[in-house]
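Subject: Structure for your files

Hello,

Here is the structure I said I would pass on. My notes on what was found in it follow below.

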Amino acid sequence: MIRLYFAGFALLLSCLTATAQDANIQPILQEYQAEIAKSSRKTIGPVIDAIASSGSPHAQLMLETWAAKNIWMRKSDGLFFVGEKTDTKSYLLTDFDSGDVVGSYPKSDLKQLKPNSGVRAMIATALVQFQLMDPDAAKRQDALTSIQRDPGPALLAPLRTSIDSEPDPTLKAQKQRLERLLTIGYDQDTKTRVDAIEDMSGELGVDVRATLNPLVAKTLNVATGDIPTGVNVAATLEPGTDQFSKADAYDLLVAKGMAPALVSSGDMRSALAANIEGGRVGGIPVAQLDTDAARNAAYAALADAGKVPPLITQADMDTALASHVFFETFAEPSAEVTTAATDALKAINLKVGLNQALDLTLDALSLASIYFLAAIGLAITFGVMGVINMAHGEFIMMGAYTGYVVQQIIPDHTLSIIVAIPMAFAVTFAAGVAMERLVIRWLYDRPLETLLATFGISIALQQLAKNIFGTQARPLTAPGWLDGALVVNDVVSISFIRIAIFILALVFLGVFLFIMKRTRLGLETRAVTQNPRMAASMGINPGKVNMLTFGFGSGIAGIAGVAIGLFAKVTSELGNDYIVQSFMTVVVGGVGNIWGTLAGAAMIGFFQKGIEWLNPSNTLAAQTYMIAFIIIFIQFRPRGIIALKGRAVGD
Amino acid sequence: MQRSFIAKNPSVLIFLACLALFTLIVTVLSEGFGVGVVSTSFVKTLGKTLCLCLVAVAMDLIWGFTGILSLGHFAFFGLGGYMIGMWLMYERTRLIVVESLSQTEIPPTKSEIIDGIGNQIFGVVGSSDFPLIWAFSDSLFLQLAMVVLVPGLLALVFGWLAFRSRVTGVYLSILTQAMTLALALYLFQNDSGLRGNNGLSGLQNLPGVAASQDEVSLWFLWASALALGLGYLLAAWVVSGKLGSVILGIRDNEARVRFLGYSVETYKLVVFTFTACIAAIAGALYYPQAGIINPAEIAPIASIYLAVWVAIGGRGRLYGAVIGAAFVSLLSTWFTGGQAPDIPLGFYTIKWVDWWLVLLGLSFVAVTLFTPKGMGGLVDLLTQRKSPNRHGANLGPDDGALREQEASQ
């Protein structure tokens, strides 16, 4: 068949170059008139091949029209035409070859060709060779995509032919890659395939693995006596090992019809129920059949009487297993190909593993920066001021909702985010200052009650948000240029939003350090934190400094809210999801030190991703173990990773 | 001069009398044994409220008296509920399975019955095998022991770890909250062995009891009242004795008590574990009345509400905790149940279902700020009892607050 394609292609190319119009399509169609008129998947193959290889310039049009169900047969002489509906009852027929309108015919004189989906799929395959040479690059791309999605042996030859004449370098590279993959899967020559496998053995693409994996797929098999010749054996299995238990082996024998089935407890039960005679089964009263031993005895009695198939004992099973040999075979018959494929997969898997580790590291880094972002506001209010603010999560939520509201007013996403960030800062700064003035100021010496009062505020704010914005999640859409991901290869990729958050976290770190170490506010904050009375006697107004510092911490939480809202759902419970982790980050890192917060975020982020990697199906478990780990960690470093020393240690 | 326990604590007697009177009145008015004025569902609500009062007493003991703001006591409460729920669910399912299997011709074997129960219980999470934690679920006695032992052991281990490393104050609060969160998240998994987020259900049906819910609800009310009475008595006895003096000392100045030679960590651990056991017993009585338990009940917010009740009721006095828990939880039921009338403001109608939590949150802030004694402080007004006029800088109106000297460190 491939040779046929080659021939057809050669013919087609010559036709195109010579612009010869001699090969008309209608005679070919007439040659296969019956098959085309009543097409079926089984018989249509040669017909489509003949049409495709006819060299007629109208073959492509004909096939396309056919697949689109637009070919009509004139009942009077059995000729095929392109039909176009003019009004309800009649169709305008056009000849394929001349392109002339033949005339309008009523529907009753015509018969529409309706190829079924199987036939249409075959037509589509035949069309690929035309599409691969199509002058329109988009169509060539479509054809490649369709081959990738549904590869087959028939596509190899047209693909190979089309490579040389491909003008577009990107498409050419794609074609060459696809040709290698198809060669691995479908070429006749073993040597060529092995070469192709070796060519692709360093590739990370999912498609390469998808091509190689079916080659090395193993099937469990069993034979009496020796392993039959002519099969590509992957491994011989010994029943009774960890990977292949005796029960599995026996089940395989039963499935292959090589041994009698085991009598399951359900079977035994129904067999016993079917053989109750006068309240007894096999001489044992029914009422006593409530233990396995009694049932076995009754069943054995029935089996002796020949009423039921005998019980398979362990010894029977062993005998059956001993007389058979179990082995795994490759679906691919050629041992050279499977060996090459196994080696290639091994090399690929090593590379994939390394890349996955890299990907995991990136994931962990991004999670760490999210935690850092969520916790940095707390690092100020809790870490520096020592005020525990349980409504911190709600400030994050407020920031996210501010972003949402701004986006309702300013539809442009880029602009709205630029506006939303200072807005969120302003809103949460104001909320923080109000909270500090109204509540926290009165509770500076009573940390536990600060905790409770801020919890009250947190409950109220959450419910307030629910009342205003409803319970459903609100979208906070990222600007278009943040969509998508930085794709390094098929394994390693990171979305732009995560990169943006990472950068934002770094910026925050810089801002925090700058304000704390280089500005008057930072100096005064540190002074008030260390000794408010002494600071006050130096002319610092502690009340004002506390207010501004708290507002600053809250404002940063608001900005973090905008960032978090970009990738998480904005709901009234948004803050809840981060509050415990944020506190953990600060506590684990070490209170009162921004580098500690950074270290805490990194540790929690990496640890959580690590656990998720060990148990990928279960993120809940990851969080559980994470918290358990933190509780234990605090045993060993009660003051966090980076503990303050000396006089700075408050209590 | 040695005065009797009751003479030293007249409030205990008053409280027990009130509780007995309350139980009697509800019984007389109930559908089960009385005139039928109070509906069975309300009897259940009252019974549940009594359990909440009991856990509030435990909370008061650990927070109001020992000064440890535990945000994890609802985890112990929930665990107690889970432990009793396991037996209730196992036994009821066993009766159903045995009933259905006895219809067949061949009597079922033990393993068939157990498989049947496993299928019934764990079918929803796609499993049929009994996890290890269900090992004792067939025995009421063992499972009742687990009600106390499992939360007690968790509290012991957690408390030992936390107190040993001298985690105090807000750090400890956050740590207990993290523990609650971890437990809730763990139970949310389907393979935790406790049916994931489906939780345990059908707990209101006592296996093998033919009595109607009208009567069963009263039994539980009595049991809850008894447990509350005993728990209150025990707590009052603890705080009025020497142990009480030590834990009050720990609350007011931990370092000073340590320097006096007391092993602060041991005292804290004992109180923490003891209150966890009380909370677990309260939970074991609560959830058969609620009928269903799932991990959402253990979520950190539940423990925070517990702190809210005790704070509003007035911490540092046991009856305050009971009043707070009863008042706030009943009021909460009333508001969120849609029974409170809406307030039309012309431009907006305040629906209490939506606004109750805002009100609760804000009034909680107000209580914390202005009346740290809570509702129990009203009793002081009645009895015209005044706080001693202390000298020196009084940094906060609360007994447990840091003093001037400590705060300036």
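Chain A has an open sheet of five strands in the order 4-3-2-1-5, and the pairing is antiparallel. Its edges are strand 4 (101-106) and strand 5 (110-112) of chain A, each of which pairs on one side only. With direction ignored, neighbouring strands of this sheet are turned by 40 degrees against each other on average. Please bear in mind throughout that this is a predicted model.

On one side, five bridges pair strand 3 with strand 4 of chain A in the antiparallel sense. Two of the partners in strand 4 can be named: A:Gly103 is the bridge partner of A:Leu93, and A:Ser104 is that of A:Leu92. Strands 3 and 4 of chain A form a hairpin with six residues between them, and A:Gly99 in the turn has a positive phi of about 80 degrees.

Strand 3 of chain A also runs antiparallel to strand 2 (residues 80-85) of chain A, joined to it by four bridges. Here A:Lys85 stands opposite A:Tyr91 of strand 3. Strands 2 and 3 of chain A make a hairpin too, with four residues between them.

Strand 7 pairs with strand 10 (residues 324-330) of chain A over four bridges, in the antiparallel sense. A:Leu237 stands opposite A:Phe326 in strand 10 of chain A.

Now the helices. Helix 7 of chain A (residues 137-149) packs with helix 6 of chain A (residues 117-132) at an angle of about 140 degrees, the axes being 8 Å apart. The crossing of these two helices is left-handed. From helix 6 of chain A, the residues A:Val128, A:Gln131 and A:Leu132 meet a set in helix 7 of chain A that includes A:Lys139, A:Arg140 and A:Asp142. By class, this contact has four nonpolar, two polar and three charged residues.

Helix 7 of chain A also packs with helix 9 (residues 169-186) of chain A, at an angle of about 20 degrees and with the axes 11 Å apart. Helices 7 and 9 of chain A are therefore roughly parallel to each other. Their crossing is left-handed. Among the residues of helix 7 of chain A that meet helix 9 of chain A are A:Leu144 and A:Ile147, while helix 9 supplies A:Leu171, A:Gln174, A:Lys175 and A:Leu178. This contact divides into five nonpolar, three polar and two charged residues.

Last, the contact between the chains. It takes 48 residues from chain A and 47 residues from chain B. On the chain B side, helix 7 (169-188), helix 12 (300-313) and helix 14 (352-370) of chain B each supply at least two residues. Helix 7 of chain B gives the most, with 14 residues. The side of chain B that touches chain A has 32 nonpolar, eleven polar and four charged residues.

Regards

How values were computed: Residues numbered from 1 in each chain as written. Chains lettered and ligands numbered in written order. Predicted model: local features only at pLDDT ≥ 70, side-chain atom pairs only at ≥ 80, totals over all residues. Contact = placed C-beta atoms within 7 Å. Nonpolar A, V, L, I, M, F, W, Y, C, P; charged D, E, K, R; others polar. Axes fitted to C-alpha atoms, helices over the stretch in contact; angles between N-to-C directions. Left-handed = near helix turned anticlockwise from the far one by under 90°. Pairing = 2+ DSSP bridges. Parallel < 35°, antiparallel > 145°, perpendicular 65-115°, else oblique.
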